[in-house]
Amino acid sequence: STPKKGGEQLHVGDVITFTKPKVKPPTAKQKTAEVQKLPPLKILAETPDYLVIEKLEDLKKACEYFSAHSSVLGADLETTALEPSSGEPILCQLSDGKKTVVINIKKLLKNLGRYGLPRQENFHIFSDLKQLLENPEIKIVIHNSKFEQKWLIYWFDISPTNVFDTYLAAINLDYNEDQDPK
């Protein structure tokens, strides 16, 4: 048996009840005061841990770096629509936890004079990214990979092979108790 507060003993089969203390939610004034105490946000361009890629040679260097130094790589796309055929990809983020790159897809294509061309005519531009994301030795971590993969296939002819989907993992772990499917 284990001692309880006040000297009582707990025994196998005892029922223990936990209660949450009742706490009043903060008022709007209290929330504003808390936000004002926070330090100012750093602008992305001033943060040395990020590299914004707008040139093909920088994309090649980033893909070479991640290929040589990463066994796990997080990936995310920002798009203008839910379906690839009715929108366009704007940004692609890649990170190995140490280095992070944000590929400005639109700017990269504009810099190459290729923005607005049919998507199939730009597949070769992203060959280094394709080689990186399709490398079976690198685990690609994506949230809601079904969405990301349909965009990668449609716009870049890229089909990641070694994917870990954090969305599916959260569902399987029943991570969000408020939306418990049971």
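## Strand pairing

Glu78 has Leu91 of strand 5 as its bridge partner. Strand 4 (residues 72–79) and strand 5 (residues 89–95) run antiparallel and are joined by six bridges. Strands are DSSP runs of E with at least two residues, helices are runs of H or I with at least four, and both are numbered from the N terminus. Two strands pair if DSSP finds at least two bridges between them.

Strand 5 also runs antiparallel to strand 6 (residues 100–104), with five bridges between them. Gln93 has Val102 in strand 6 as its bridge partner. Strands 5 and 6 form a hairpin with four residues between them. In the turn, Gly97 has a positive phi of about 95°.

## Model and numbering

This is a predicted model: local features need pLDDT of at least 70, side-chain atom pairs count only at pLDDT 80 or more, and totals for chains, interfaces and linings use all residues. Residues are numbered from 1 along each chain as its sequence is written, and side-chain values use heavy atoms, leaving out hydrogens and water.

## Asp128

Asp128 sits in helix 4 (residues 127–133). Asp128 has a relative accessible area of 18%, so it counts as buried (under 20%; exposed is over 50%, partly exposed in between; 1.4 Å probe, protein chains only). Leaving aside residues up to four places away in sequence, Asp128 touches Lys60 and Cys63. Contact means heavy atoms within 4.5 Å.

## Tyr167

Tyr167 belongs to helix 6 (residues 166–173). Tyr167 counts as partly exposed because its relative accessibility is 38%.
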